[in-house]
Amino acid sequence: MKLCVIFVLISWQLGGSLGQRQRLDSVCQMVQRQRLECQVHRVETADGYLLNVHRIPAPRNQSCSRGIRLRPFVLMHGLLGSAADFVTAGPGRALALELHRRCFDVWLPNARGTTHSRRHRTLRTSEARFWQFSWHEIGLYDLPAIVEHVLAVTRHRQLHYVGHSQGTTVLLVLLSQRPEYNARFANAALMAPVAFLQHLSSPPLRLLASDSSGATLLLNKLGLNELLPATALTQVGGQLFCSATLPTYTLCTLFTSLYVGFSDYPVDRSLLPRILETIPAGISRGQLLHFGQLINSGKFQQYDYRSPQLNMRRYGQPTPPSYQLRNVRLQLQIFHGTRDALSSQADVLRLVNELRQSRTRLYQVPGYNHIDFLFAVTAPRMVYERIIQQAWQLDVAAAAAAAGLQASWS
């Protein structure tokens, strides 16, 4: 089984080595198909990565002009995902499109190394140094650069945030390491949060983590720095494997469920080709290894360089420090699926307990696995409506407070 997992990673990588094709902007294609405006903003991080951030501006119609200046939404994707995760499901189902319909300005980042963010000020993707990062750097550098850009463009002081999977991890990293950024967020929704992974039940990932040193050795021998990139070859292969015929669709569902959990809401077969157009979107080996370390340690901590000397040089101590979750001070909605093989109930409850300085509301979503928060047909009703309603209430209250303050001055 372990060899099978590693073989899958190598197979996808070999597909990438055949040549990264120049690809059309699939995110804007999906947005423009709905006759909506799509913008692409270039954001540079403090360490030189050039990120593409997609934007669906708020509707410019009279029904959205109610005297309430709604704060923008930033939707951050998970591991192997991209901005496309929040638009792929289409009208009436995709979170980004639902937020736009409800008059919000929607921003969709793409983390470093993913399909739409593969540039650096001085480094090329063919250089190993380009890929020397984990999700720690995404939280420490990508996310603050994105937040500052969105606030500067929209002229708001705060924004709403939704993270899925790794998108929740990077927010916790940012606020733990740079607590001053709490003031930039009006609130945050964490879907399928990932911080503690001690009780992860995904068989392939637990098996891979059980021999992380062996996986590292193999990756070193093969010279692999980037894993699971999106290419024309991998897209066609994935679509053929998960085609709409019943036997292959069932096999694809079983294969996926081993990783993310068996769901009560299997993905619509007609949606699979669109999903496989954009997933996987590529990750660094450091991201995979860092998550593996969380599984083995049972802690939410920084990257372990597997050497007391290297850790001492980096952290001033022989072991990596834990992230200080007491620095997170936000109004949080946390959504957890009962069939999630990555984000277990025990680990989510531990996270809630550690977020003692935040006002958290935990919602358990029956029958959901790790990716149902993106693609389940019931997600708008069971998850998104709660996110939208809280944002509306906060923005209406802020507008009322501002109006009252202005009236008192006059």
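**Close-up views of a predicted model**

**View 1. A398 in helix α15.** A398 lies in helix α15, residues 379–409. Helices here are DSSP runs of H or I with at least four residues, strands are E runs of at least two, and both are numbered from the N terminus. A398 counts as partly exposed because its relative accessibility is 33%. The classes are buried (under 20% relative accessible area), exposed (over 50%) and partly exposed in between, with a 1.4 Å probe and protein chains only. R69 is 329 residues from A398 in sequence, yet the two C-alpha atoms are 9.1 Å apart. This is a predicted model, in which local features need pLDDT of at least 70, side-chain atom pairs count only at pLDDT 80 or more, and totals for chains, interfaces and linings use all residues. Residues are numbered from 1 along each chain as its sequence is written, and side-chain values use heavy atoms, leaving out hydrogens and water.

**View 2. The whole chain.** The protein chain has 15 helices and 11 strands. Of its 410 residues, 57% count as buried. Contact means heavy atoms within 4.5 Å. Among contacts between residues at least 6 apart in sequence, 77% join residues at least 24 apart.

**View 3. Helix α4, residues 135–154.** α4 bends by about 30° at D142, and the proline P144 follows within four residues. The bend is the angle between axes fitted to the seven residues ending at a position and the seven starting there. Burial covers 15 of the 20 residues of α4. S134 caps the N-terminal end, with a side-chain oxygen 3.0 Å from the backbone nitrogen of H136.

**View 4. Where α4 meets α11.** The two axes come within 8 Å and cross at roughly 110°. From α4, the contact uses W135, H136 and I138; from α11, it uses Q287, H290, F291 and L294. Axes are lines fitted to C-alpha atoms, for helices over the stretch in contact, and angles run from 0 to 180 degrees between N-to-C directions. α4 and α11 are therefore roughly perpendicular. That class spans 65 to 115 degrees; under 35 is roughly parallel, over 145 roughly antiparallel, and the rest oblique.

**View 5. Q302 in a loop.** Q302 sits between α11 (285–297) and α12 (308–315). Q302 counts as buried because its relative accessibility is 9%. Beyond its neighbours within four places in sequence, Q302 is in contact with H136, Q177, H290, Q293, Y315, P320, P321 and Y323. H136 and H290 also take part in the contact between α4 and α11.

View 6. Most residues other than glycine have a negative phi, and most peptide bonds are trans. R155 is not a glycine, but has a positive phi of about 60°. With a relative accessible area of 71%, R155 is exposed. S165 also has a positive phi, near 55°. The loop of S165 runs between β6 and α5 (166–177). S165 counts as buried, at 8% relative accessibility. The peptide bond from I279 to P280 is cis, with omega near 5°. P280 lies in the loop between α10 (272–278) and β9 (283–284).

Note on methods
Polar contact = N/O pair within 3.5 Å; in protein donor to acceptor, adjacent residues only side chain to side chain.
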